[in-house]
Amino acid sequence: MVLTIFGIRITSRIVRYITGALATAALLIGASATVLSTPASASSSSQHRVDDWIKHALLVMKAKGIPGSYNGIHRNLMRESSGDVRAINLWDSNAKAGIPSKGLMQVIDPTFRTYHVAGTSWDIYDPIANIAAACNYAAHRYGSIDNVNGPY
């Protein structure tokens, strides 16, 4: 049977959905599993995808004891990147120092490495890893991402 391009897309979406569901289930039962997140596109994200990423990150954070709420993450994420997983800031002081802020939550590489959450991807542009690391940083610095109301 010959698969069309359309058929391949459907198959890959189903596999990503199942992989994400299995990773979430593993976190909820306390198993030590690597979270395999959904690959993100460089184009603007729909609100639905942003919601899914935040909800997935909240499951990871809950399993790791990192505080934060949907509203706190969403507020900061939209301010920092407008939901663009490939956002990169090439003009601020971090960028001038050679370490631009990247991803949904605009995290710099050293902060991402320091506050990386075990079980998530090491790719700073991965939406789940980026949100979790930013929230872990905010928890250590401000008590929670909920307490961040401006650039952090």
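**Notes on a helical chain**

1. Residue Q106 is placed in the loop that joins α4 to α5 (109-115). The model under discussion is a predicted one. Although Q106 is not a glycine, its phi is positive, about 55°. With the cut-off for burial set at under 20% relative accessible area, Q106 counts as buried because its relative accessibility is 12%.

2. A positive phi of about 55° is also found at S82, again a residue that is not a glycine. The loop between α3 and α4 (93-96) contains S82. Is S82 buried or exposed? Its relative accessible area is 53%, and the cut-off for an exposed residue is over 50%, so S82 is exposed. As background to both residues, most residues other than glycine have a negative phi.

3. Helix α3 comprises twelve residues, 70-81. The expected value rests on 1.5 Å times one less than the number of residues. The helix is followed by S82, the residue with the positive phi described above.

4. Which residues of α3 are buried? They are G72, I73, N76, L77 and S81. These residues lie on the same side of α3, because the arc that they cover around the axis is only 120°. Among the elements that cover the buried residues of α3 are α2 (47-64) and α6 (127-142).

5. The second largest pocket holds about 260 Å³ of space. It is lined by 14 residues, and those closest to its centre are E80, N94, S101, Q106 and Y152. By class, seven residues of the lining are nonpolar, five are polar and two are charged.

6. Turning to the chain as a whole, how many helices and strands does it have? There are six helices and zero strands, and from the N terminus on the order of elements is α-α-α-α-α-α. The protein chain has 152 residues, of which 41% count as buried. Of the contacts between residues at least 6 apart in sequence, 51% join residues at least 24 apart.

Note on methods
Residues are numbered from 1 along each chain as its sequence is written. This is a predicted model: local features need pLDDT of at least 70, side-chain atom pairs count only at pLDDT 80 or more; totals for chains, interfaces and linings use all residues. Side-chain values use heavy atoms; hydrogens and water are left out. Helices (H or I, at least four residues) and strands (E, at least two) are DSSP runs, numbered from the N terminus. Buried means under 20% relative accessible area, exposed over 50%, partly exposed in between (1.4 Å probe, protein chains only). The arc is that of the directions from the helix axis to the C-beta atoms. Contact means heavy atoms within 4.5 Å. On a 1 Å grid over the protein atoms alone, a cavity is a set of points where a 1.4 Å probe fits but cannot get out, and a pocket is an open set with protein on both sides within 12 Å along at least five of seven lines; lining residues have an atom within 4 Å of a point. Grid points are joined across faces, edges and corners, and a volume is the space filled by probe spheres set on the points. Ala, Val, Leu, Ile, Met, Phe, Trp, Tyr, Cys and Pro count as nonpolar, Asp, Glu, Lys and Arg as charged, and the others, Gly among them, as polar.
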